[in-house]
Amino acid sequence: MGFNYLLPFLLLSLLVADCASRPLYRLPSEAKHATKKPLQTSRPYNLAHRGSNGEFPEETAPAYMRAIEEGADFIETDILSSKDGVLICHHDVNLDDTTDVADHKEFADRKRTYEVQGMNMTGFFTVDFTLKELKTLGAKQRYPFRDQQYNGKFPIITFDEYISIALDAPRVVGIYPEIKNPVFMNQQVKWADGKKFEDKFVETLEKYGYKGSYMSQDWLKQPIFIQSFAATSLVYISSMTDSPKLFLIDDVTILTEDTNKTYAEITSDAYLDYIKPYVIGIGPWKDTIVPVNNNRLMTPTDLVARAHSRNLQVHPYTYRNENQFLHLDFNQDAYQEYDYWLNKIGVDGLFTDFTGSLHNYQELRTPLPQQ
């Protein structure tokens with residue numbers, strides 16, 4: 001699949017970015033492919049972190065379509081809610097860093113201060129905007145050293161639209177949605193039917209047929225991993241869906257948003273034993289696995305070994321190609337970083353901002369068999 005496949009959809013995005021009367025993509029998928037190439041399961045997963053956001057603004061339709069074109073096994077997203085209870089794809093609870101909300105004078109009075117994960121945060125928050133209002137905003141690139149030419153050209157997309165991108169792909173592509181900031185979402189958004197944020201999350205997945213335990217026929221047809229930093233959310237939905245779940249792990253000094261435990265406590269043997277019945281793996285920040293000092297790697301911890309001893313997968317985050325993100329040990333070479341994590345540390349998947357780079361590395365080192 002070449003760029004000619006992507007171009008029509010990019011043009012379509014530009015044409016309908018301001019049109020809130022119809023979805024950006026057909027829902028559910030109407031694209032028919034006689035035979036879809038199956039998900040590869042023979043090597044660690046290439047996890048497109050917020051899409052190919054090294055090239056396009058994160059969590060936009062072009063970022064996800066580009067990631068699929070570049071060979072992603074799964075496209076990853078963060079799920080939040082609008083004021084009117086529509087689930088959207090957006091990483092931050094506020095809109096300041098990745099949209100042009102500051103340029104919209106009609107929303108100047110929406111700036112608020114909320115307590116989020118124990119800290120006061122001031123800005124424009126998704127929970128203070130309806131979906132129609134959110135659709136008038138343009139996404140922008142988070143990092144100033146990345147390509148800025150697409151700023152303002154693509155809208156925020158909904159959870160439904162994100163799923164449709166995966167279902168419309170010409171091969172089987174998995175989704176990897178995160179139940180993001182559930183404590184804050186449940187505090188600020190009230191659904192008319194009394195449901196919780198997590199309930200709405202699972203209902204959306206069920207609507208599109210996502211079900212089945214890891215490697216089941218249902219799962220292989222529509223692969224999914226559900227992730228969250230909030231263990232209580234993963235436990236809560238465990239009776240609602242058998243889709244595989246991963247528990248995300250932050251810096252060991254940080255408190256979890258839903259408990260009074262630090263992530264140091266969360267990575268203890270006792271806690272891994274507790275969470276194991278509910279999850280298929282963990283998603284740690286990579287510096288939690290291999291500590292760093294003065295931008296150089298230190299001795300790896302035993303977290304991967306302890307997870308694998310419990311038959312838990314390990315999907316660390318986030319791998320970025322720019323020099324400021326590459327530790328000095330890798331000589332400004334992303335392939336050296338991939339090689340270290342996949343072959344020395346032995347992880348089961350990588351969250352990367354540069355899907356094509358990881359795909360090209362894997363095709364060189366562990367090419368998939370020709371079908």
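The side chain of glutamate 59 comes within reach of the backbone nitrogen of aspartate 78, at 3.4 Å. The model is predicted.

**Glutamate 59**
- Glutamate 59 sits in the loop that runs between strand 1 (45–48) and helix 2 (61–70).
- Glutamate 59 is buried but forms no salt bridge. A salt bridge needs a distance within 4 Å, and arginine 50, the nearest side chain of opposite charge, is 4.3 Å away.
- The side chains of glutamate 59 and threonine 77 are joined by a polar contact of 3.1 Å.
- Leaving aside residues up to four places away in sequence, glutamate 59 touches residues including Tyr64, Cys89, His90, His91 and Ile157.

**Nonpolar core**
- The largest nonpolar core has 96 residues, and Ile75 and Trp341 have the most contacts inside it.
- Residues up to four places away in sequence aside, isoleucine 75 touches, among others, Ala48, Tyr64, Ile68, Tyr162 and Val173.

**Aromatic rings**
- There are 35 aromatic pairs in the structure.
- Phenylalanine 74 and tyrosine 176 form an edge-to-face pair, because their planes lie at 75° with the ring centres 6.1 Å apart.
- This pair links distant parts of the chain, 102 residues apart: phenylalanine 74 is in strand 2 (residues 74–81) and tyrosine 176 in strand 6 (residues 174–179).
- Phenylalanine 74 and tyrosine 176 are both buried.
- The pair of tyrosine 150 and phenylalanine 154 is tilted, because the planes are at 35°, with centres 5.9 Å apart. Both of these residues, tyrosine 150 and phenylalanine 154, are buried.
- A cluster linked by ring pairs contains Tyr45, Phe74, Tyr176, Tyr214, Trp219, Phe225 and Phe351.

Terms used
Residues are numbered from 1 along each chain as its sequence is written. This is a predicted model: local features need pLDDT of at least 70, side-chain atom pairs count only at pLDDT 80 or more; totals for chains, interfaces and linings use all residues. Side-chain values use heavy atoms; hydrogens and water are left out. Helices (H or I, at least four residues) and strands (E, at least two) are DSSP runs, numbered from the N terminus. Buried means under 20% relative accessible area, exposed over 50%, partly exposed in between (1.4 Å probe, protein chains only). Lys and Arg count as positive and Asp and Glu as negative; His and the chain ends are not counted. A polar contact is a pair of N or O atoms within 3.5 Å; within protein, one must be able to donate a hydrogen and the other to accept it, and residues adjacent in sequence count only if both atoms are side-chain atoms. Contact means heavy atoms within 4.5 Å. A nonpolar core is a set of buried Ala, Val, Leu, Ile, Met, Phe, Trp, Tyr and Cys residues joined through side-chain atoms within 4.5 Å. Rings of Phe, Tyr and Trp (its six-membered ring) pair if their centres lie within 6.5 Å; planes under 30 degrees apart count as stacked, over 60 as edge-to-face and the rest as tilted.
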